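Grab a viewer and follow along.

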Amino acid sequence: MAQAKGSISPIEEVMGAQSPVEESKRFLALALFQRVPSVLSRICNDWVLCGVIGVVALGLDLYRLGEPGLWFDEILSVERARQSISVIWQIVTGAQPNMALYYFLLHYWLHFTALFSLPDSEDIVRLPSVIFAVLSAIVVFWLGRRFFGRTGGFAAAGLYVLNDLQLVYAQETRSYALQLFLLCLSWYALFAALTGTSHQKKWWFCYVVTAILAVYAHLFSLLIFFVQVLAAGGLLFLPGPWQAKARARLRPLIGSMVMTGILIIPMLVASRVGGKTDWLPIPKPVDVYYLFLTISGNSKIFLGIITVCVLFGLLAALIASRQNWSSPLSGVIRQDEHSKPSGLYRYVPLGFALLCWLIVPVVVSYVVSQKSEHLFSSRYLVTIVPPLFLLVGMSIAVLRWRLVKVVLTFCLLLLALHYVPLYYQSAQVEDWRTPTQWVVQHYQQNDGMVCYDNSQGCQVSTEYYLRLYKSPAHFSSDSPGAFRWVTYDITNRLGNYQAAVDIHALAAYAAKHPHLFFITARLSGEQSVEKAQVARHWLDSHYRLLGQFSNATVTIRLYLTNTSIITT
């Protein structure tokens with residue numbers, strides 16, 4: 001029976017069907033006509049969600065960015081970056097190779113902001129970390145979107161953005177935000193190169209570049225590179241949809257890994273003479289729990305929920321890898337017409353790689369830290385935050401009902417958001433700004449300044465804020481115990497920083513100045529505390545105390561010196 005004209009689509013009416021070739025063209029045009037709007041809608045939705053992630057990340061990272069004062073590690077980053085390129089090169093090729101890439105980037109950032117006469121204030125020097133943190137959140141979203149779908153990617157990126165530990169380093173003048181961005185991008189490039197069907201050379205090139213730069217951004221990335229080699233090797237033997245692809249791309253995989261290994265050799269050599277991490281304690285089994293508790297915003301409830309989600313997602317992926325599908329979870333996990341989870345089978349290799357990224361750094365750093373090289377620290381293991389929440393995103397992606405996915409994502413994000421204000425309440429690590437302001441208010445021409453413990457950064461931290469406030473107050477060249485961190489980096493010599501608590505050196509110095517500021521901060525160990533107390537007692541008994549300031553970080557005592565009563 002002939003079809004009524006009113007039921008023919010506009011494309012069919014125009015094109016007609018005169019031959020098999022024309023009939024094929026007609027069906028192709030019709031398919032494109034029907035599919036293009038849905039594809040455009042999906043792309044728009046993805047970019048909208050990506051924009052939401054980026055905007056929220058930017059807002060959280062910029063919020064109160066300049067309110068907490070810089071602490072010693074941040075100030076050290078700024079002081080190193082302020083040096084000339086030649087001096088920075090001496091630093092990173094001498095005693096302090098770690099974070100080399102970050103120091104150079106921060107150096108050029110400070111030169112750029114100087115063109116606009118912007119001071120090296122807290123918000124200015126922290127802004128690069130904010131940018132890298134936002135970019136890493138976007139990469140986490142696209143990684144999750146590519147392999148887990150829109151809801152899974154959004155959940156993973158949202159939890160990452162709201163994570164307490166990630167926020168810490170998004171607002172610090174250190175290299176961790178840069179490192180996270182490069183590591184996330186390197187993992188994305190590796191997965192895309194192994195599974196994609198186009199732009200293979202570009203993805204391998206992107207992987208090599210980002211993996212190398214991540215190592216030069218932070219030495220701990222060497223361990224993550226080892227994990228990537230381990231994960232890629234496992235995919236060659238792990239039965240699943242990625243095995244054939246990984247084996248087919250074995251040559252570029254090996255070539256990329258070898259090239260990366262060769263180009264990070266200079267960092268390996270430099271790290272042998274670099275700074276040690278003896279200041280970190282030897283970890284105990286309970287510290288593993290505390291690590292994940294820290295990542296969870298110190299919330300046992302949130303940690304428990306995340307753990308359940310990760311285990312659920314991994315269990316679903318494992319069950320999906322079995323040929324005989326039979327499980328109590330089959331009622332809540334999405335399935336297709338063949339009674340096998342639709343798309344879940346491809347989660348097996350991805351879940352394996354993410355689990356390697358999550359677990360191996362913790363285990364290896366824990367074992368290594370039992371010896372002389374201590375690596376088990378939340379600041380280093382912030383690198384496991386992305387895979388943790390990507391695994392949570394995978395657990396959401398395996399669910400059967402779309403409404404359940406959306407509700408669970410919303411509840412997880414709401415719970416994570418609940419703990420965000422707690423981070424801002426404790427964002428202040430050390431307060432050097434307030435005590436330095438007190439010095440600026442009381443300083444008079446030719447006053448003397450002594451700082452202890454300079455080997456822990458007392459002087460360099462005070463000098464940063466004195467320079468920021470453009471104060472005439474300064475440490476003179478003959479200040480007892482003067483300790484130049486830049487000189488230390490180049491010559492690897494500590495200097496006589498103990499002179500700051502030597503009563504003979506203090507007496508000789510005080511004789512040259514009408515007033516004396518005696519500053520103590522960051523005292524390391526009971527011996528340093530005892531030496532500082534002895535020096536204060538001697539100063540109290542020989543000079544008149546005019547005023548003092550004290551907070552959790554710094555103690556300052558201002559003395560009126562009188563050479564006529566000095567007795568040594």
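## A buried glutamate and its partner

E430 is buried, with 11% relative accessible area, which puts it under the 20% cut-off. Keep in mind that this is a predicted model. The partner of E430 is R522, and their side chains form a salt bridge with 2.9 Å from N to O. These two come from distant parts of the chain, 92 residues apart: R522 sits in the loop between strand 2 (515-521) and helix 23 (525-542), while E430 sits in the loop between helix 18 (402-425) and helix 19 (433-442). R522 itself has 23% relative accessibility, so it counts as partly exposed.

As a reminder, side chains of opposite charge can pair when their charged atoms come close.

Another one to click on is D478 with K512, at 3.2 Å from N to O. D478 is in the loop between helix 20 (458-468) and helix 21 (485-491), and K512 is in the loop between helix 22 (503-510) and strand 2, so this pair ties together parts 34 residues apart in sequence. D478 comes out as partly exposed, at 34% relative accessibility.

Then there's E79 with R82, a salt bridge with an N to O distance of 3.2 Å. E79 counts as buried at 10% relative accessibility, whereas R82 is partly exposed at 36%. You'll also find a network of salt bridges linking D46, R145 and R150.

## Cysteines

The structure holds 1 disulfide, and it joins C451 to C458 with the sulfurs 2.0 Å apart. The link between C451 and C458 is left-handed, with -60° about the S-S bond. Both C451 and C458 are buried.

Two other cysteines are worth a glance. C309 is buried, with a relative accessible area of 10%. What about C411, at 43% relative accessibility: buried or partly exposed? C411 counts as partly exposed.

## Helix 9

Helix 9 covers residues 200-217, which makes 18 residues. From first C-alpha to last, helix 9 reaches 26 Å, close to the 26 Å expected at 1.5 Å a residue.

Buried residues in helix 9 include W204, Y207, V208, A211, I212 and V215. What do the buried residues of helix 9 pack against? They pack against helix 5 (100-114), helix 8 (176-195), helix 10 (221-237), helix 12 (250-263) and helix 13 (265-271).

## Aromatic pairs

There are 26 aromatic pairs in the structure. Take F132 and F181: their ring centres are 6.3 Å apart and their planes are at 25°, so the pair is stacked. F132 is in helix 6 (residues 122-161) and F181 is in helix 8, which makes this a link between distant parts of the chain, 49 residues apart. F132 and F181 are both buried.

Y366 and F376 meet another way: with ring centres 5.8 Å apart and planes at 85°, the pair is edge-to-face. Y366 lies in helix 16 (residues 347-368) and F376 lies in the loop between helix 16 and helix 17 (385-397), so the pair ties together parts 10 residues apart in sequence. Y366 and F376 are buried too.

How values were computed
Residues numbered from 1 in each chain as written. Predicted model: local features only at pLDDT ≥ 70, side-chain atom pairs only at ≥ 80, totals over all residues. Heavy atoms only, no water. Salt bridge = Lys/Arg side-chain N within 4 Å of Asp/Glu carboxyl O. Buried < 20%, exposed > 50% of the residue type's maximum accessible area, 1.4 Å probe, protein only. Helix = DSSP H or I, 4+ residues; strand = E, 2+ residues; numbered from the N terminus. Disulfide = S-S within 2.5 Å. Expected span 1.5 Å × (residues − 1). Contact = heavy atoms within 4.5 Å. Phe/Tyr/Trp six-rings, centres within 6.5 Å; stacked < 30°, edge-to-face > 60°.
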